[in-house]
Structures are given as C-alpha cells and as structure tokens.
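User: Hi! I'd like to go through this model with you, one question at a time. Could you start with any term I need for the strands?

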Amino acid sequence: EIYAENLGKGVYLQQDLGDDTLYDRLLVIRGAGGTFPERLMEMYKQVLDDLPRFQVTAAIDLDYSICYPRSCFDRQSIRWDLNYFKYHFLKLISVDFDEQDLEDDFDRITRFLLETETHYFLYRDFQSRNIMWYGGRPYYIDYQGGRKGALQYDVASLLQDAKADIPWGIRDKLLDHYINVVGTYMPVQCKSFLTYYYGYALVRLMQSLGSYGYRWLYEGKSHFLTSISHGIRNLEGLIERADLPIKLPALNRVCLPIELEWSVSFLVKIHKPKKHWTCLTICVQI
C-alpha cells in the first residue's frame, strides 16, 4: 500500500512487508522432514487464486507499450531465454551438441509456443522468493519485467521453482487447482492448456538454468550451485512428463546426459587480474 506521495518531489511512503517470503515459509513449514503438508498446500492455492487476477483481470486495460524490455513475450524473448540456456549452461558444463540442430529445435519449440493465446499479462518472475508473506496473506513484488504473454508461463514459474523443490504429485494437484480457478474467468480446454504448459515450463526451466550458471560462474555466487542441482532434477522430471506434439531430437540429446555430466564434473573458478577467468574441469571417476 502507498500511504502518501509527493510525485512532484519524487517521494512516497510505502508499506513495509517485512522479510518473510513464501519461500521462507516453505522452508520453516517443511522442516527437516521435507514433507509438503496441507497447510503449505493451502498457501500455494491462495497464491494461485490470485494469479489470474494479474493475468486476466489486470490485462484488460493494461498499457503494454510501457512494458520493459519488451511489450510481449514474443519470438525474440523466447529465443533470448533459449540462448541463455545454451551459452550460460550447456557450454558451461561442456555438453556436446550440434549448434545448427539445436537452433532448429529452438525454432520448432518457439513456433509451437506462440500458437496458443498470448494476450494475457505475463508476470515473468512469479516464484516463491518474489511473494512476500505478511499478516497471513501473500503480497507480490518484482513484476517489473511483466509483459503480454501466455497464461502457462507464470504458473510454470511457480511450480517448477527449482529451490522450492515441490513434489511432482503436489505440483499436479496445484496445477489442477489453478486450471479450475482460471476456468471461473474464462473457458479453458484442459488438454490443450497442459500441452502448452509443459512447453512453457521447459523454456522457463532452461532460462533458469542459464541464469544459475551465469550467476555462479560469472558473478561468483556459489549458492547457485544448489539451484543448478535442483534445476537438473526438474529438467529430468519435465522431460518424462511432457508429451509435446513436436519433435525436438537435438534438445533431447542435449538434456539426457546433463545429469551425468553435472555429477562427474566440478567447475572450479579461478579469478585472475583484469577480470580474466579460466575454468578447470576436475573429473571424478565413478
């Protein structure tokens, strides 16, 4: 809430939501046992009840021309995400791939994803660390990258959040809940929605892996190593569940060896003067 403002002087007084996020709540409630109790399930359902208000209701009269850096999650945006995965993750862990074959797969999945409706508001970074928990309810931050796009992307961002590590059975139940909620706003064809959902989930997860690789290797944030491990497990689970109506042979060949490559290779970063970086791959014999 904005309590007071003086736009002429560029100042405003804003409510302080504290430091507690949905991710913090998740860690506390799950505890050492690692279970996903009903209390946590209800919190996520509360968040998913709110999501269509952003996507559908707010989208009705939103001026997308002022969205940054692009007004919609279009072909260019998708390719940026896919290339982030290629250059900041695949090349990082030294997975062999044919550049042109992979680019052909990127073209195929991009064309496929843009076949669905893309005139809703896409929050872009809808995940547990961007949801504050205050006074028993969620508040939402970090939506400044929002733009026009498909419904599936944001719910995939929340449920495929690597560090949240939500059990797959719980993800399925929460996804069903979300689809039912969206159905109160507009007609939804469940089978079609799910087909595109797994495609957007795959792109979102690849973008996340690229981001984790960049922040670890180039920014020196070692805690992103844990996120990479969770992300790889997510990728394996998604590939098992996704039944896309398009063939992605190069991407499948790339994704299948990722877990093995990550398990046997540790990339050690050495900082040298003038910001020169070298990578040493230490192979562990199994």
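Analyst: Happy to! Two strands count as paired if DSSP finds at least two bridges between them. Please keep in mind that this is a predicted model.

User: Thanks! Which residue in E2 stands opposite Glu5?

Analyst: Start with the strands themselves: E1 covers residues 2-6 and E2 covers residues 11-14. They pair in the antiparallel sense over 4 bridges. Within this pair, the residue of E2 opposite Glu5 is Tyr12.

User: Which residue takes a positive phi in the hairpin of E1 and E2?

Analyst: This hairpin has 4 residues between its strands. The phi in question is near 70°, and the residue that takes it is Gly10.

User: How many residues lie between E4 and E5 in their hairpin?

Analyst: E4 (residues 131-134) and E5 (residues 137-140) are antiparallel partners joined over 4 bridges, and Ile131 faces Tyr140 across the pair. In the turn, Gly135 has a positive phi of about 60°. The number of residues between the two strands is 2.

User: How many nonpolar residues does the contact of H5 with H7 have?

Analyst: On the H5 side, the residues are Gln152, Tyr153, Val155, Ala156, Ser157 and Leu159. They meet Phe193, Tyr196, Tyr197, Tyr200, Ala201 and Arg204 in H7. By class, this contact has 2 polar and 1 charged residues, and the nonpolar number is 9.

User: And which residues of H6 make the contact with H7?

Analyst: The axes of H6 (residues 168-182) and H7 come within 12 Å and cross at roughly 125°, so these two helices are oblique to each other. H6 passes H7 in a right-handed crossing. From H7, the contact uses Cys190, Phe193, Leu194, Tyr197 and Tyr198, while from H6 it uses Asp172, Leu175, Tyr178 and Ile179.

User: Is Gln160 buried or exposed?

Analyst: Gln160 sits in the loop between H5 and H6. Beyond its neighbours up to four places away in sequence, Gln160 touches Trp168, Arg171, Tyr197, Ala201, Asn234 and Leu238. Its relative accessible area is 5%, and buried means under 20%, so Gln160 is buried.

User: What about Arg53: buried or exposed?

Analyst: Arg53 belongs to H2 (residues 38-57). Its relative accessibility is 52%.

User: How far apart in space are Arg53 and Tyr185?

Analyst: In sequence, Arg53 and Tyr185 are 132 residues apart. Even so, Arg53 touches Tyr185, as well as Ala58, when residues up to four places away in sequence are not counted. From C-alpha to C-alpha, the distance between Arg53 and Tyr185 is 9.0 Å.

User: To finish, what percentage of the chain's residues count as buried?

Analyst: The chain has 10 helices and 8 strands. Among its contacts between residues at least 6 apart in sequence, 72% join residues at least 24 apart. Of the 286 residues of the chain, the buried share is 47%.

Definitions and conventions:
Residues are numbered from 1 along each chain as its sequence is written. This is a predicted model: local features need pLDDT of at least 70, side-chain atom pairs count only at pLDDT 80 or more; totals for chains, interfaces and linings use all residues. Side-chain values use heavy atoms; hydrogens and water are left out. Contact means heavy atoms within 4.5 Å. Ala, Val, Leu, Ile, Met, Phe, Trp, Tyr, Cys and Pro count as nonpolar, Asp, Glu, Lys and Arg as charged, and the others, Gly among them, as polar. Axes are lines fitted to C-alpha atoms, for helices over the stretch in contact, and angles run from 0 to 180 degrees between N-to-C directions. Angles under 35 degrees count as roughly parallel, over 145 as roughly antiparallel, 65 to 115 as roughly perpendicular and the rest as oblique. A crossing is left-handed if the near helix is turned anticlockwise from the far one by less than a right angle, and right-handed if clockwise. Buried means under 20% relative accessible area, exposed over 50%, partly exposed in between (1.4 Å probe, protein chains only).
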